Amino acid sequence: MTEQKKFKSQAGVTLIELMIGLVVGLIVLSGIGYAYIVTFKSSRDIIYSARLNQELAAVTSIIVGDIRRAGHWRQGASDTTPYDEIGEDIIRVSSTCLLYSYDANEDGSNVIGSDELRGVKLDGGAIWLKASGGNMTACNVGTWEAVTDLNFMTVTGVSFADSSLCKEDGITAACPASMAAASGAVASVREIDIQISAQVNNDSDWQATVQESVRIRNDFFAE
């Protein structure tokens, strides 16, 4: 008696089923990819925002702290300072450049040394501080050092505005163009308004602006 073997047919995957599977797989992968991109962009935006604000806050703090010292001079044995003869301790050369000086080495000398000439300016998309040298009239001389990171951000604007008020013979008014030209006794309460704007190099949509008012600690008096 001959035994007949029965083989069970195996069902395969049709082309339509394979295409449907591929489409479903692509949809899932697209969703994962989109979620990754959104998460990455969100993380990058948070980093950009935090760093830009941190950089601006740091540079503003440095600038404000240095400008605030304008006119500071430790009294020496002669009890005089370079500003006794109506000397200029801070000059707004332009809206983007401010020059000033103070007794950096605390020697009390009545002569302003080269290393005591300071300044802050906008140049080439960066903020620069003058470490020494130059004079009190030009912003293109002396030794300057960049205090902002050009690899990360570009400073798009800097503004220095003088909002000082003066009392001349007891009458409060805008300060005269030159203290030397004042007709009477002048007491000046100096204040500089600063505005700095910057943007991230890799994404110009990320921009920030900070504003700060600097009250010069050393009032000026001339008669």
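Visitor: Which residues does Arg190 touch, not counting residues up to four places away in sequence?
Guide: Quite a list: Ala70, Asp89, Ile90, Ser164, Val214, Arg215, Ile216, Asn218, Asp219 and Phe220. A contact here means heavy atoms within 4.5 Å. Before we go on: this is a predicted model, where local features need pLDDT of at least 70 and side-chain atom pairs count only at pLDDT 80 or more, while totals for chains, interfaces and linings use all residues. Residues are numbered from 1 along each chain as its sequence is written, and side-chain values use heavy atoms, with hydrogens and water left out.

Visitor: Is Arg190 buried or exposed, and how do you know?
Guide: The cut-offs are under 20% relative accessible area for buried, over 50% for exposed, and partly exposed in between, with a 1.4 Å probe and protein chains only. Arg190 has 7%, so it counts as buried.

Visitor: What makes the link between the side chains of Arg190 and Asp89 a polar contact?
Guide: The rule asks for a pair of N or O atoms within 3.5 Å; within protein, one must be able to donate a hydrogen and the other to accept it, and residues adjacent in sequence count only if both atoms are side-chain atoms. The two side chains make theirs at 2.8 Å.

Visitor: Where does Arg190 lie?
Guide: In the loop between β9 (186-189) and β10 (191-200). Those elements are DSSP runs numbered from the N terminus: helices are H or I with at least four residues, strands are E with at least two. The whole chain comes to 1 helix and 12 strands.

Visitor: What about Arg68: why is it put in its accessibility class?
Guide: Its relative accessible area is 24%, so Arg68 goes down as partly exposed. Arg68 sits in the loop between α1 (15-67) and β1 (90-94). Leaving aside neighbours within four places in sequence, its contacts are Val214, Arg215, Ile216, Arg217 and Asn218. Take Arg215: 147 residues away in sequence, yet 6.4 Å from Arg68, C-alpha to C-alpha.

Visitor: And how do you class Gly170, buried or exposed?
Guide: Exposed, because its relative accessibility is 60%. Gly170 is in the loop between β7 (165-168) and β8 (171-174).

Visitor: What makes Tyr48 and Phe152 an aromatic pair, and what kind is it?
Guide: Rings of Phe, Tyr and Trp (its six-membered ring) pair if their centres lie within 6.5 Å; planes under 30 degrees apart count as stacked, over 60 as edge-to-face and the rest as tilted. The structure holds 2 aromatic pairs. Tyr48 and Phe152 are 6.3 Å centre to centre with 55° between the planes, a tilted pair. The pair links distant parts of the chain, with Tyr48 in helix α1 and Phe152 in the loop between β5 (143-146) and β6 (153-162), 104 residues apart.

Visitor: Why do Tyr100 and Tyr102 get their pair label?
Guide: Their ring centres are 6.4 Å apart and their planes are at 15°, so this pair is stacked. Both Tyr100 and Tyr102 are buried.

Visitor: How do you know that Arg51 lies over the face of Phe152?
Guide: A charge sits over a ring if NZ of Lys or CZ of Arg is within 6 Å of the ring centre and within 35 degrees of the ring normal. Arg51 is 4.0 Å from the ring centre of Phe152. Lys121 lies over the face of Trp144 as well, at 4.3 Å.

Visitor: What makes up the largest nonpolar core?
Guide: A nonpolar core is a set of buried Ala, Val, Leu, Ile, Met, Phe, Trp, Tyr and Cys residues joined through side-chain atoms within 4.5 Å. The largest has 28 residues, and Ile67, Val120 and Ile194 have the most contacts inside it. Helix α1 gives the most, with 7 residues. Apart from this core lies another, of 6 residues, among them Cys97, Met136, Cys139 and Trp144.
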